[in-house]
Protein chains: 2
Amino acid sequence: MNYCSQCGESVEIGIPPGDNRERHICPACGTIHYHNPRIIAGCLPVYGDKVLLCKRAIEPRLGYWTLPAGFMENGESTEDAARRETREEACTEVQMQSLYTLTSILHVNQVQMIYLAQMPEPTFGPSEESLEVELFSEEEIPWDQLAFETIRMVLNLYFEDRKKQHFPLRHVEIDSNGFNTARVHD
Amino acid sequence: MNYCSQCGESVEIGIPPGDNRERHICPACGTIHYHNPRIIAGCLPVYGDKVLLCKRAIEPRLGYWTLPAGFMENGESTEDAARRETREEACTEVQMQSLYTLTSILHVNQVQMIYLAQMPEPTFGPSEESLEVELFSEEEIPWDQLAFETIRMVLNLYFEDRKKQHFPLRHVEIDSNGFNTARVHD
Ligand SMILES: [Zn+2]
Ligand SMILES: [Zn+2]
């Protein structure tokens, strides 16, 4: 950030009174500009013993496989966002089951929420954002062509948890050095 | 937003190619400015049969009681944020137990995450952000002096769930018309 989005003046960096962090502050209009993590919401859509993956039609990681997920928009709930992204990227309607992974990605200021979701019908298809959309059994997953390590983690957790048919919410922390083991609270 | 925070030009409103929503777009440098919901993270700190509340020292709702919670910062995890806010507002260290409520507040573009947390010691105190900090049993809660309806909801859920000693994650949706009933997934 270089300029105040309210008045257009050059912003300065400083610690506001009562705060303990550096912020972008406008010397002209006094606005303090906060920057906060953004939420990425998505689904792990399940149909029978298969999961739905999308081959990305856009950068980054064009041509690699991922779960339908994207930035939550203003005016929607986390579940709405996950459902919308799944509709937009995979052209499928899902039934939300539970929040499955909550991943804080520290070095890019993102919080990724992946919901476990059931597909009532095996109806899906490509979109502007996905070159291909397909159902994969565990053996068929294209492990060497996954777009992101967070997606690999979610899939690994899922196939592990599926053996016990128990899918507790996982808290995960990631920074530029790698993963903190997925932690489960009671 | 009136001006581009990158180059200082006046922004325009339009739908970028491949998008389906209006965004603030800079005609000079081409930057698309996205606005996304912010996360408020906090705790419901429990000590024995009591819960910890803070009397707000700052607006809004100065002088009313609330749970320790505040905006998540860049570079921290959701749990870090909840723990930090609890430290800053109530001067207490908690052990995180589980994510308890996940509330999408649609009309203000906020996602509130409240963690159930245990206090190993009844050590706490006021701060720059809290005039008083106190432990309350269910009967002692100042129900008519709570700062926010979301806090009333979390406390009501907690005392209800405590009877069964089962604290499932609740998804809640709130808009300007009021609450959608707290929903529990499986
Ligand atoms: Zn300004
Ligand atoms: Zn610009």
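This is a predicted model: local features need pLDDT of at least 70, side-chain atom pairs count only at pLDDT 80 or more; totals for chains, interfaces and linings use all residues.
Q: How many helices and strands does chain A have?
A: There are two helices and twelve strands in chain A.

Q: What are the dimensions of the box that the C-alpha atoms of chain A fill?
A: Taken along the principal axes, the box filled by the C-alpha atoms of chain A is roughly 60 × 40 × 30 Å.

Q: And how much of chain A is buried?
A: Of the 186 residues in chain A, 52% are buried, while the accessible surface of the chain comes to about 8500 Å², with 47% of that belonging to carbon and sulfur atoms.

Q: Moving to the metals, which residues are the protein donors of the zinc ion (ligand 1)?
A: The zinc ion (ligand 1) has the SG atoms of A:Cys4, A:Cys7, A:Cys26 and A:Cys29 as its protein donors, at 2.2 to 2.3 Å, and along the chain these donors follow the spacing C-x2-C-x18-C-x2-C.

Q: Where do A:Cys7 and A:Cys26 lie in the chain?
A: A:Cys7 is in the segment before β1 (12-14) of chain A and A:Cys26 is in the loop between β2 (23-25) and β3 (32-33), 19 residues apart, and the pair links these distant parts of the chain.

Q: Is A:Cys26 buried or exposed?
A: A:Cys26 counts as buried because its relative accessibility is 2%, under the 20% limit for that class, whereas A:Cys7 is partly exposed with a relative accessible area of 29%.

Q: Why is the arrangement around the zinc ion (ligand 1) tetrahedral?
A: The four donor atoms subtend angles of 99 to 118° around the zinc ion (ligand 1), so the arrangement is tetrahedral, given that all angles must lie between 85 and 135 degrees.

Q: Which protein donors does the zinc ion (ligand 2) have?
A: For the zinc ion (ligand 2) they are the SG atoms of B:Cys4, B:Cys7, B:Cys26 and B:Cys29, lying 2.2 to 2.3 Å from the ion, and the angles of 98 to 118° make this arrangement tetrahedral.

Q: Which parts of chain B do B:Cys4 and B:Cys26 tie together?
A: B:Cys4 lies in the segment before β1 (12-14) of chain B and B:Cys26 in the loop between β2 (23-25) and β3 (32-33), so the pair ties together parts 22 residues apart in sequence. B:Cys4 is buried at 0% relative accessible area, and B:Cys26 is buried at 2%.

Q: Changing topic, where is B:Thr86, and what does B:Thr86 touch?
A: B:Thr86 sits in helix α1 (residues 78-90) of chain B and is buried, with a relative accessible area of 0%. Leaving aside residues up to four places away in sequence, B:Thr86 touches B:Cys43, B:Pro45, B:Pro68, B:Cys91, B:Thr92 and B:Val94.

Q: And A:Ile13, buried or exposed?
A: A:Ile13, in strand β1 of chain A, counts as exposed at 57% relative accessibility. A:Ile13 touches A:Glu22, A:Arg23 and A:His24, not counting residues up to four places away in sequence.

Terms used: Residues are numbered from 1 along each chain as its sequence is written. Chains are lettered from A and ligands numbered from 1 in the order in which they are written. Side-chain values use heavy atoms; hydrogens and water are left out. Donors are N, O and S atoms within 2.8 Å of the metal (3.2 Å for Na, K and Ca); water is not among the atoms, so sites may look incomplete. Four donors count as tetrahedral if all angles lie between 85 and 135 degrees; four count as square planar and six as octahedral if opposite donors are over 155 degrees apart and all others between 65 and 115; anything else is irregular. Helices (H or I, at least four residues) and strands (E, at least two) are DSSP runs, numbered from the N terminus. Buried means under 20% relative accessible area, exposed over 50%, partly exposed in between (1.4 Å probe, protein chains only). Accessible areas come from the Shrake-Rupley method with a 1.4 Å probe; for residues, only the protein chains shown count as cover. Contact means heavy atoms within 4.5 Å.
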